[in-house]
Amino acid sequence: MASELCKTISVARLEKHKNLFLNYRNLHHFPLELLKDEGLQYLERLYMKRNSLTTLPENLAQKLPNLVELYLHSNNIVVVPEAIGSLAKLQCLDLSDNALEVVCPEIGRLRALRHLRLANNQLQFLPPEVGDLKELQTLDISTNRLLTLPERLHLCLSLQYLTVDRNRLWCVPRHLCQLPSLNELSMAGNRLAFLPLDLGRSRELQYVYVDNNVHLKGLPSYLYNKVIGCSGCGAPIQVSEVKLLSFSSGQLTVFLPAEVKSIGTEDDRVLPLQELAMRRLYHTQNRLRKGGQLLVLWLTAAPPSVCRLLTY
C-alpha cells in the first residue's frame, strides 16, 4: 500500500497533476511524499476523504501553495491548525465528519474561501474571524454543539447558503437579517423559541427551514411569502379541546384555523403569528363591509319587482 501511494504521488509530481485523489487509503498521517522537496506546486485539488488523519502539517501551504480545493471529509482531525490560514488561494474546504473541537482564528485569513463545510463535528463555537471571509458563499455547520452563531457572521456579505441544523441554538442574532445575499437558511432541529421580526424582509432570502424546533411558537410575518419548513414546531394540540378564534358579521361567522390557537394562551406575549391572525381578521372584515355596501347600492338601483322577490 505504501509503495502504491508513493508511486501515485510521484507520478502526480512528475506530470504536474492538478488533481490528486487519496481517498480510502487508511492514512493515519499526512503522506511525507506530498511534503518532500518543493512539494506539489501545481496541485490545485486534493481529495483525502475517508482516512484516519488526526492533524494537518504546519508547512502545508508552503508545499501545496496553489491549492484551490481541499477535501478532508470523514477523518479524525481534532483541531484546524494555524497553518491553514496561509493557503491564500483556497476556495473550498471540507472538514465535515471529523472530531473538530476548535477552529483557529487564522481561518479568517482565507480571503478567497467560498465554501466551508464543518458539519458533523464537536464544535461549541466558531471564531469571530469567520466574519472576515468576504467571498464565502456556503457555510455548513450543522450537527455540532453550537450555542450561538459567530458574532461577526453578518459581515460575510457574499453568504448565500447557511446551514446550522441540529445544534443547540436558542436564538438567532438579529444582525443575521443584514446578510444581503442570503438565499437559503436552515436551522432545523435546534432549541429556538423565537425568530427576529426582520427575518425574511430581504428579497434574496427565499428558503427558510426551522423544522423540529419544539419551543418555536410563531414566525415573523415576512416569512409567510417564502418557502418555509416548520413541521414539528410548537406544542401539539387537540382541535376538539380548543376554542376556535372567530369573528362575526351579521349572521356570518368566520373561523380561523385551529393552528392559530396553538401559538399560546391569552397570557402569553404577542407573537408574530398572532399579528398575522389579526391582519387576516381585519382584511376579511373589510371585504365583507365592501361587499355589503355594493349589495345596498345594487338594491337601490334594482327594480321594485326584484326587491319584492328578494324579500320572500
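A residue counts as buried under 20% relative accessible area, as exposed over 50%, and as partly exposed in between, using a 1.4 Å probe and protein chains only. Keep those cut-offs in mind.

The model above is predicted: local features need pLDDT of at least 70, side-chain atom pairs count only at pLDDT 80 or more, and totals for chains, interfaces and linings use all residues. Residues are numbered from 1 along each chain as its sequence is written, and side-chain values use heavy atoms, with hydrogens and water left out.

Start with the whole chain. The protein chain has 312 residues, and 44% of them are buried. It holds 4 helices and 14 strands. Both are DSSP runs, numbered from the N terminus: helices are H or I with at least four residues, strands are E with at least two. The accessible surface comes to about 17300 Å², and carbon and sulfur atoms own 53% of it. Such areas come from the Shrake-Rupley method with a 1.4 Å probe; for residues, only the protein chains shown count as cover.

Now find the sheet. Strands of a sheet pair through backbone hydrogen bonds, either parallel or antiparallel. Here 10 strands form an open sheet, and the pairing is parallel. The order runs β1-β2-β3-β5-β7-β8-β9-β10-β11-β12. Two strands pair if DSSP finds at least two bridges between them. β1 (19–21) and β12 (227–229) stand at the edges with a single partner strand each, so one side of each lacks a neighbour in the sheet.

Look inside the sheet next. Strand β3 (residues 69–71) pairs with strand β5 (residues 92–94) in the parallel sense, over 3 bridges. Tyr71 stands opposite Asp94 in β5.

Is Ile228 buried or partly exposed? Ile228 is partly exposed, with a relative accessible area of 28%. Contact means heavy atoms within 4.5 Å. Leaving aside neighbours within four places in sequence, Ile228 is in contact with Val208, Leu219 and Leu223. Ser186 lies 42 residues from Ile228 along the chain, and their C-alpha atoms are separated by 9.7 Å.

Val78 sits in the loop between β3 and β4 (79–80). At 32% relative accessibility, Val78 counts as partly exposed. Val78, Val79 and Val102 make a nonpolar surface patch of about 190 Å².

Key: Patches are made of residues with over 30% relative accessible area and no salt bridge: like charges are joined within 9 Å, nonpolar side chains (Val, Leu, Ile, Met, Phe, Trp, Tyr) within 5 Å. A salt bridge is a side-chain nitrogen of Lys or Arg within 4 Å of a carboxyl oxygen of Asp or Glu.
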